[in-house]
Amino acid sequence: MFNFWLAVCDGPRLARFTNKGVGVNSDNASVLSSPAASVLEAVQTSSTSYEDRLNAGRDRSGYASTTLPDGVVFAHSVDDVVRTVQLASANDVSLVTRGAGTGLAAGGVGQAGEVVLDVSSMNRILRIDPVEHLAVVEPGVLNGELNAAVAEHGLFYAPDPASTAICSIGGNVSTNAGGMRCAKYGVTREAVLALHVVLADGRELRTGRETLKGVAGYDLNALFTGSEGTLGIVVEATLRLRPLPTATATVAAFFPDFATAAQAASAVIAAQVQPSLLELMDGQTLEAVDSALGTDYRSRGGAFLLAQTDGYGAFLEQDVVLEAIEPLASSCEKAADSEHAEELVRARREAIPSLEQLGRVSIGDIAVPRGRLADAALGLGEISRTTGARIFTVAHASDGNLHPMIVMDEEDSVTEGPAKAALGEMFYLAKRLGGTLTGEHGVGLLKRDWLLPELGEVSLEVQHAIKDALDPKGILNPGKAI
Ligand SMILES: Cc1cc2nc3c(=O)[nH]c(=O)nc-3n(C[C@H](O)[C@H](O)[C@H](O)COP(=O)(O)OP(=O)(O)OC[C@H]3O[C@@H](n4cnc5c(N)ncnc54)[C@H](O)[C@@H]3O)c2cc1C
């Protein structure tokens with residue numbers, strides 16, 4: 001019998017065990033005799049309950065594995081991770097590392113024959129250094145928790161996915177997550193100073209350094225950032241912080257249609273001003289947000305552009321933004337105060353959860369040159385018409401990163417039918433416009449079909465050679481990312 005029943009549990013963990021009841025489900029018979037059992041038995045906290053395996057077989061992409069992983073290891077320490085990896089390597093068991101499970105590419109989902117290594121309980125902020133502007137954290141710390149903690153020191157952690165309240169730093173590092181203020185402050189890769197990684201054979205690797213500068217050796221921070229759990233398990237991250245801006249100015253503008261709003265966003269970029277946030281939403285998404293939040297944005301226009309400028313020149317820069325968008329906008333309003341600004345930002349943050357109330361959502365993630373946003377908007381309309389997929393779009397416009405979201409019926413699949421066809425067409429649209437199939441969510445399982453046309457044969461061969469060098473047995477997140 002697994003020794004996890006004897007584990008000393010913390011509060012949340014105790015609730016988890018109490019909910020599922022003590023004992024092993026009858027459908028676990030095959031799991032108990034699989035090679036995975038040797039991995040699951042040897043760590044203090046693991047589970048083969050149907051509920052935990054079901055949860056570990058899906059993420060927020062709309063994808064659900066047709067078979068369930070053999071079990072879930074809940075790591076509480078670096079030693080837990082090392083031991084799990086050593087056993088997995090010795091027994092040729094595949095490991096899928098998982099943070100908060102908010103991924104949108106099915107990168108953190110497990111299936112039969114695999115064990116999911118859940119690191120969400122490694123969630124301590126180990127150090128905040130307000131002088132050096134850095135924080136050292138375990139991988140399970142949530143993005144929003146880190147930002148709340150460092151705000152007390154007058155600092156912020158820049159990468160801010162719309163999922164900030166629910167996604168983990170380990171997941172952010174492993175997907176090279178972006179967010180709303182990344183155009184000004186950079187994506188996760190720009191914020192990672194150093195990593196502590198457990199390799200596929202259990203060795204511990206430290207990459208990078210605490211100094212802002214440092215060029216000794218290859219840039220292994222960059223290699224592991226965005227590697228989607230295929231090269232190693234991030235057990236600690238040293239992250240760059242920045243001083244909180246002295247002021248923030250917010251403006252919301254409404255347009256007759258999405259293509260015009262996209263044109264306005266391109267005009268802002270061409271005006272040589274650097275907003276900290278420049279977000280687009282189309283009319284259908286506005287409607288969904290209105291219905292979820294009880295707001296009435298859709299009545300003001302067929303598309304929405306939200307722009308924030310920050311720092312000492314926030315209001316001067318806001319004037320430049322207004323000058324660029326006013327000729328195209330139906331109406332513009334400046335946020336009266338910080339509460340009003342927060343309301344406007346919330347409307348954008350709630351776009352995905354609002355659409356999830358309409359059905360199953362599959363989220364595209366293309367990025368195009370920023371001057372081609374309007375072409376992308378028109379192209380997406382065309383894809384919706386030709387494939388029959390219902391597409392709702394939001395965009396981090398200052399990065400040229402669009403999220404066309406396909407809303408499906410619950411029984412529809414993201415891996416076939418109109419959704420799959422539309423995802424493919426989106427990629428070819430991005431490619432025609434000089435862009436990419438994924439700006440920030442990663443490839444996971446869902447976008448591998450289009451990787452070869454994007455990267456080309458030589459690049460893909462080099463990537464497989466790196467994977468083989470670091471994980472010769474191919475046990476870390478097999479079949480994902482590359
Ligand atoms: C409502 C909503 C809004 C979102 N908005 C954004 C957005 O604006 N920008 C954006 O970039 N993303 C966004 N996302 C996607 C998602 O939140 C990010 O991809 C996030 O970085 C995933 O973090 P996670 O902890 O949930 O990772 P998981 O989903 O658990 O895992 C994601 C990937 O990282 C790997 N992984 C996780 N932890 C580790 C680790 N410690 N070591 C090695 N590999 C690991 C997994 O194997 C998997 O491949 C959004 C998601 C939702 C649901």
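**View 1. Phe254 in a buried position of the predicted model.** Phe254 has a relative accessible area of 1% and is therefore buried (buried is under 20% relative accessible area, exposed over 50%, partly exposed in between, with a 1.4 Å probe and protein chains only). The model is predicted, so local features need pLDDT of at least 70 and side-chain atom pairs pLDDT 80 or more, while totals for chains, interfaces and linings use all residues. Residues are numbered from 1 along each chain as its sequence is written, and side-chain values use heavy atoms, with hydrogens and water left out.

**View 2. The aromatic cluster of Phe254, Tyr297 and Phe304.** Rings of Phe, Tyr and Trp (its six-membered ring) pair if their centres lie within 6.5 Å; planes under 30 degrees apart are stacked, over 60 edge-to-face, the rest tilted. The count by this rule is five aromatic pairs. One of them is stacked: the ring centres of Phe254 and Tyr297 are 6.4 Å apart, with the planes at 20 degrees. Phe254 belongs to strand S12 (residues 248–255), and Tyr297 to the loop between helix H12 (283–293) and strand S14 (303–310), so this pair ties together parts 43 residues apart in sequence. Helices (H or I, at least four residues) and strands (E, at least two) are DSSP runs, numbered from the N terminus. Tyr297 is buried at 4% relative accessibility. The pair of Phe254 and Phe304 is tilted, 5.3 Å centre to centre and 50 degrees between the planes. With Phe254 in S12 and Phe304 in S14, that pair ties together parts 50 residues apart in sequence. Phe304 is buried, at a relative accessible area of 1%.

**View 3. Contact of helices H16 and H17.** The axes of H16 (residues 373–387) and H17 (residues 417–432) come within 10 Å and cross at roughly 150 degrees (axes are lines fitted to C-alpha atoms, for helices over the stretch in contact, and angles run from 0 to 180 degrees between N-to-C directions). H16 is thus roughly antiparallel to H17, a term for angles over 145 degrees. Residues in contact (heavy atoms within 4.5 Å) include Ala376, Leu380 and Ile383 in H16 and Ala421, Glu425 and Leu429 in H17.

**View 4. Positive phi at Ala106 and Glu228.** Most residues other than glycine have a negative phi. Ala106, in the loop between strands S3 (94–98) and S4 (114–118), has phi near 60 degrees. Ala106 is buried at 0% relative accessibility. For Glu228, phi is near 55 degrees. Glu228 sits in the loop between helix H10 (220–224) and strand S10 (233–240) and is buried at 10% relative accessibility.

Technical notes: Parallel < 35°, antiparallel > 145°, perpendicular 65-115°, else oblique.
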